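Please keep the sequence and the model at hand while reading.

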Amino acid sequence: MFEGREPIYHQIAEAIRGEILSGALAEEDQVMSTTQYATTYRINPATAAKAFAELVDEGVLYKRRGVGMFVAPGAAARLRATRRAAFFTERMDPVIREAALLGLSTEDLTAYLASQGDLEQTTKERP
Amino acid sequence: MNGYPVRTEGLGMSYGRTPALHSISLDLAPDRIHGLLGRNAAGKTTLLSGLAALRPASAGTILIGGQDPFENERLMEHICLIRESGDFIPDRRLSSNLRYLQLARPTFDLDYAESLLEAFRLDPRKRAQTLSRGQASAFGAIAGLASRAPLTMFDEVHLGMDAPSRQRFYDELLKDFVEHPRTIILSSHLISEVEHLLETVTILHDGNVLLADEADALRTRGATLTGPSALVDQHADGQTVVGLRDLGPTRQVTVFGDLDEESLRSAQADGIQVGSVPLQDLFIHLTNDEPREGS
């Protein structure tokens, strides 16, 4: 945990976003409290609080006074939309650069993608 | 009760004619966990002794909660320094030591201290002088936590404890800090275990402040570049290199400073691995006076 150069609160926020996208955290689910987060991962509580503040700003989490933090309605759909926008530049471009270095052709890549079957189908079948 | 802010300006301290601290200026915000890092003899204990008013300053000022702590009895009740040596009454039982602390400190929580004794498996009937090094450290940690002092300082107390006890100490510290925020200073030269607990980091070196910053900011100010020597050199050019290591044709440099994220991305695009620098490594690089190996 916490390997990258990114500030830890970014990494925590990103981990929570990941859990929402994968469905591990559903809408209206309660997320761990700052204290639970701090003691579980042995990090400063202010760091955990910063991560939550960032997610509240994005509308991914919302706060119920005196109860805790919850996943906002529509959070997964919103995250998916943001990530789709960045998917090609952030994820595909490096893959394409690497493929070019390795002398792979566009046909090689499309053949591989085609062999993976229908992506939409794969998504739907996921539990 | 809230934590105290800690400020020093031009603070100098010396042992006889030997200066130990030169013109230290610190500004530690209240209710945060601050790290004070430095190698042996860097001045950590001297600085903490000054903040706890155990030694007079030879120059400059110390303000704790806006007041000078020196010979300020009311303020001293609210400043707790736990030293590795432990400052307990050796021939008294742990239970009497705790009762004594309760009399001396208005914020001391005896019930909490007793529950911690149990958590650390210390027998309250034992006399302080019969504790092993690890047990004495744990007892120090307990005294510091239960003091709930608005300024609580732990001077390398965790070093004597074994790994499970240290983890217990970190867990208790975090849990109690959330419920009772106060200003905490942890001094250490063993950094990897505590780096994520800290909000700010101050590195002392040879009696001077080498670096003071937010822990998160420090993490982004360092990076390692790993790849073919020539390519790494090309990308490290113009950045401050604090460490260098060669493994055959592969070179790893550690750069530190206001890094140019754009150039790091271009390094990555050229196939160089860009990694994070653990605080411990950064600390070693920055405080290592030996000539650097490699080239």
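Begin in chain B, where B:Arg7 stands opposite B:Asp27 in strand E2(B). The model is predicted. The strand partner of E2(B) here is strand E1 (residues 6–15) of chain B, and the two pair in the antiparallel sense over seven bridges.

This pairing belongs to an open sheet of three strands in chain B, in the order E2-E1-E4, with antiparallel pairing. Its edge strands are E2 (18–28) and E4 (59–64) of chain B, each of which pairs on one side only. From one strand to the next, the twist averages 25°.

Next, the division of chain B into domains. According to the domain assignment, chain B has domain 1 (6–206) and domain 2 (218–287). The C-alpha centres of these two domains of chain B lie 36 Å apart. Domain 1 of chain B gives eight residues to the contact, and domain 2 of chain B gives seven residues. On the side of domain 1 of chain B that touches domain 2 of chain B, the largest share, three residues, comes from strand E8(B). By class, the residues on that side of domain 1 are four nonpolar, two polar and two charged.

The background is helix geometry: an α-helix has 3.6 residues a turn, so residues three or four places apart point the same way.

The last step is the contact between the chains. Here 16 residues of chain A are in contact with 18 residues of chain B. On the side of chain A that touches chain B, the elements giving two or more residues are helices H1 (8–22), H2 (34–41) and H3 (45–57) of chain A. Of these, H2(A) provides the largest share, three residues. In terms of residue class, the side of chain A that touches chain B has eight nonpolar, four polar and four charged residues.

Methods
Residues numbered from 1 in each chain as written. Chains lettered and ligands numbered in written order. Predicted model: local features only at pLDDT ≥ 70, side-chain atom pairs only at ≥ 80, totals over all residues. Contact = placed C-beta atoms within 7 Å. Helix = DSSP H or I, 4+ residues; strand = E, 2+ residues; numbered from the N terminus. Nonpolar A, V, L, I, M, F, W, Y, C, P; charged D, E, K, R; others polar. Domains from an automatic or database assignment. Pairing = 2+ DSSP bridges. Axes fitted to C-alpha atoms, helices over the stretch in contact; angles between N-to-C directions.
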